[in-house]
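Please keep the sequence and the structure in view while reading.

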Amino acid sequence: MEHLSRREFLKLTGAVVILYPLENQLFANSCGISVKTYTYKEVGDLEIKVVVHRHNDNVIRPVVVRIHGGALIMGHRDWEKDKVCLKLLEEGYAIVSVDYRLAPETKLPAIIEDLEDVFDWIHEEGPELFHIDTSRIAVTGNSAGGYLTLTSGFRVKPRPTVLVALYGYGDLIGDWYSTPSKHHPSEISEQEAWEQVSGPQISDSRDRKGNGGAFYMYCRKHGFWPKAVSGWDPFSEARKFFPYMPVKNVNRKYPPTMLIHGTKDTDVPYKQSLMMAEEFKKHKVEHELVTILGAEHGLRDGDPKLVDAAYNSAVEFINRFMN
């Protein structure tokens, strides 16, 4: 693989090579980082993709799978501001950042199917395509990506080596999601909300013609999110959610897990990480809960020194089990 400078666009055997203008200085100079985009799955005309960042060599490297957030409704595989992944890339990991089909155009079972399929693809194609050691796979994600990270701990086979979930959740049907929220104002009507997400299936929210964020705010204001993303009523059909809920599926074989969460989170309550920590303790799963006092969703408003220390702790936790 030849060395690539910033902003180069090259065609290489079925993949587009792109160097994104990331904030980290690693990407600002010619430093030997290659970035390749692959399609791991096709559903009809929809190509579902991953982007792989790694040092520009043929060294077999451990891999970090990065899963974006966005309430399963928004987001995409690019990760310019993910400080944990930037630190891990600098330490020599290959980073595989994944897309998955988004709700509500796609419902929960198919989203989890994509999660399982991308790990199958990484195991089958990764060693040859981007020189990784599939016996060492860490998973990290924030918010809904934290939920999917925790879900990988019981749905993905073979299980990942280690997980780091940032302000994620293990419960899909609690009051925080299935009853109206005062923290999510929305002035649009139900019809206007659904018009935002009335197109075909997508796996990158930049391809949606409507406003997924407006749809999400409507769902949270009215307690409609669980039904919107699954098609099931969280009260009368609660058991249908259980196979997709980490809090219901922890056992002694669950991977070591770090949870990072702010105590003042009004989007995903801090209690969600407390619930997961309690399950880990009950089943004797090695884990750590890093609490950021006063931090909102995304750890904003938290003490910057404590937030940065949490990111460093995540890297150390991954190193501990991957090495």
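## The largest pocket

The lining of the largest pocket divides by class into 14 nonpolar, 8 polar and 9 charged residues. The model is a predicted one. In total, 31 residues line this pocket, and R66, K81, N142, Y167 and G298 are the ones that lie nearest its centre. Helix α10 supplies the largest share, 4 residues. The volume of the largest pocket is about 750 Å³.

## Enclosed cavities

How many cavities of 30 Å³ or more does a search of the whole structure find? The search gives 2. The largest cavity has a volume of about 40 Å³.

The residues lining the largest cavity are Y40, V98, D99, Y100, I111, L115, V118 and L148. By class, 7 of them are nonpolar, none is polar and 1 is charged. Helix α3 contributes the most to this lining, with 3 residues.

Is strand β4 largely enclosed or left open by the rest of the structure? Of the 10 residues of β4 (residues 46-55), 8 are buried, so the strand is largely enclosed by the rest of the structure.

Strand β4 pairs with β3 in the antiparallel sense, over 10 bridges. Within this pairing, E42 stands opposite E47 in β4. The two strands form a hairpin with 2 residues between them, and G44 in the turn has a positive phi of about 65°. Strand β4 also pairs with β6 (residues 94-98), again in the antiparallel sense, over 4 bridges. Here the bridge partner of H53 is I95 in β6.

## Aromatic pairs

A pair of aromatic rings is described by the distance of the centres and the angle of the planes. The structure has 16 aromatic pairs, counting rings whose centres lie within 6.5 Å. One of them joins Y38 and F130: the ring centres are 5.6 Å apart and the planes are at 40°, so this pair is tilted. Because Y38 belongs to strand β3 (residues 33-43) and F130 to helix α3 (residues 108-130), the contact ties together parts that are 92 residues apart in sequence. Both partners are buried: Y38 has a relative accessible area of 6%, and F130 has one of 2%.

Another pair is W194 with F224, where the centres lie 6.0 Å apart and the planes stand at 80°, so the arrangement is edge-to-face. W194 sits in helix α6 (residues 190-195), and F224 is in the loop between α7 (212-222) and α8 (225-230), so this contact ties together parts that are 30 residues apart in sequence. W194 is partly exposed, at 29% relative accessibility. F224 is also partly exposed, with a relative accessible area of 22%.

## An aromatic cluster and a charge over a ring

Ring pairs also link several residues into a cluster, made up of Y147, Y169, W176, Y177 and W225.

A further contact involves a charge and a ring. The charged end of K248 sits over the ring of F242, at 4.5 Å from the ring centre.

Definitions and conventions: Residues are numbered from 1 along each chain as its sequence is written. This is a predicted model: local features need pLDDT of at least 70, side-chain atom pairs count only at pLDDT 80 or more; totals for chains, interfaces and linings use all residues. Side-chain values use heavy atoms; hydrogens and water are left out. Rings of Phe, Tyr and Trp (its six-membered ring) pair if their centres lie within 6.5 Å; planes under 30 degrees apart count as stacked, over 60 as edge-to-face and the rest as tilted. Buried means under 20% relative accessible area, exposed over 50%, partly exposed in between (1.4 Å probe, protein chains only). A charge sits over a ring if NZ of Lys or CZ of Arg is within 6 Å of the ring centre and within 35 degrees of the ring normal. On a 1 Å grid over the protein atoms alone, a cavity is a set of points where a 1.4 Å probe fits but cannot get out, and a pocket is an open set with protein on both sides within 12 Å along at least five of seven lines; lining residues have an atom within 4 Å of a point. Grid points are joined across faces, edges and corners, and a volume is the space filled by probe spheres set on the points. Ala, Val, Leu, Ile, Met, Phe, Trp, Tyr, Cys and Pro count as nonpolar, Asp, Glu, Lys and Arg as charged, and the others, Gly among them, as polar. Two strands pair if DSSP finds at least two bridges between them.
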